[in-house]
Amino acid sequence: MTQQPRPKATNALGDISLLYVSVLLRAIVAEGGEIEKLKTQFHLNDSALASLDARISIPRYMRLGHAGITLTENPALGLRMGALTRPADAGLAGLAAETAQSVGQALSTLIRYSLLTSQNSRGEPTLDKTRRLARFHSISPYNQFNYFVVDSILAAWVQLVRHMTGRYDVLERVRIEYPSIGQDELFESWFRCPVEFGATENSIQLKESVWLQTPAQAHTAMHSKLTQWCEEELTEIRQGWSVADRVQRLITPLLRGETPTLETLAAKLGTTPWTLQRQLSSEGTGFRQLLDKTRKQLAQDYIRETNASLSEIAWLLGFANPPAFHKAYQRWYGISPGESRKAIRQGK
């Protein structure tokens, strides 16, 4: 399979495949919304939407989702997206998952290769095979711009399982981090199981019989070939990462409310602090420089691309308090974060 170089995300917060945007637009249409104005507003042409390699920044995707919710007046639009999601909408990983030998293996495949369609600075989904849990990483603080992201991911996973098994009662429990938005009955009706809001994680827990069930499209040889292609693409992505790139990817999810240490990063990379520092030095940088660079890049994107409050941004960047963030931002950009956001919104 011919490999094409995969560029790193141009937005510090990450980007996502337009495959997901296509699902979002289908959901808006299904809810009676007109999408042509949205496509123009968000610079989405049919050529880009048909491309397997086209990406949109995470903040722009969230704004598009919020616009779709406003247009359709459906705060549960993410559930509609999940219901309309097909294996192909997850790209090559979705097709590989569909041909797995068990539902558990299918979810493992989908999650292992999630990086093929989404690079998110906040983390990556994970799987707990022992407890039959598929987890979507935290994207707190939550607001009207990102509720739908959690809903759509969890619902898409469930839809895949339903598609593979022909069953609707596939779950034991759903956990959602953000607080209830007053639609508990709708969510429990859709997922057909208890849904806990304000939970400690975003996850779905499958029934044991479902986890072990063989999907209708199971095909050993096809699954092997498709996962081989996924592995090649994953390797292609990671080969473009320097040690500094890998460190920066690990720093961001650890920043929330605290400052990660060199020792923590070294442990996650399976090396010693001294070795990691030496590797970074050989690339012309160091841990402290990378930490400062990561915070600087994220700060600008949070200010420009989100409606998070300045205190929330300070927490997301791991500063001890808002004044510490203000001082750092002033050092980086020669302007306070509040003045920077005001200038951006005034179009200066």
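## Salt bridges

Arg86 and Asp89 meet through their side chains in a salt bridge, 3.0 Å from N to O. The term stands for a side-chain nitrogen of Lys or Arg within 4 Å of a carboxyl oxygen of Asp or Glu. Arg86 is partly exposed, at 47% relative accessible area. Asp89 is buried, at 4%. Here buried means under 20% relative accessible area, exposed over 50%, and partly exposed in between (1.4 Å probe, protein chains only). Arg26, Arg86 and Asp89 are linked in a network of salt bridges.

The model is predicted: local features need pLDDT of at least 70, side-chain atom pairs count only at pLDDT 80 or more, and totals for chains, interfaces and linings use all residues. Residues are numbered from 1 along each chain as its sequence is written, and side-chain values use heavy atoms, leaving out hydrogens and water.

## Links across the sequence

The salt bridge count comes to 15. One of them joins Glu31 to Arg80, with the closest N and O atoms 2.8 Å apart. Glu31 sits in the loop between helix 1 (18–30) and helix 2 (36–41), and Arg80 in helix 5, so the pair ties together parts 49 residues apart in sequence. Helices (H or I, at least four residues) and strands (E, at least two) are DSSP runs, numbered from the N terminus.

Glu201 forms a salt bridge with Arg135, at 2.6 Å between the closest N and O atoms. Glu201 lies in the loop between strand 7 and strand 8, and Arg135 in strand 5, so this pair ties together parts 66 residues apart in sequence. Glu201 is buried, at 15% relative accessibility.

Five strands form an open sheet in the order 4-5-8-6-7, with mixed pairing. Two strands pair if DSSP finds at least two bridges between them. Strand 4 (126–128) and strand 7 (195–197) are the edges, each pairing on one side only. Strand 5 (residues 133–136) and strand 8 (residues 202–206) are antiparallel, over four bridges. Leu133 has Gln205 in strand 8 as its bridge partner.

## Helix 9

The buried residues of helix 9 are Phe187, Trp190 and Phe191. They cover an arc of only 85° around the axis, which puts them on the same side of helix 9. That arc is taken from the directions from the helix axis to the C-beta atoms. On the other side of helix 9, Glu185 and Ser189 are exposed.

The buried residues of helix 9 pack against helix 5 (77–83), helix 8 (147–165), strand 6 and strand 7; contact means heavy atoms within 4.5 Å. Arg192 follows helix 9, with a positive phi near 60°.
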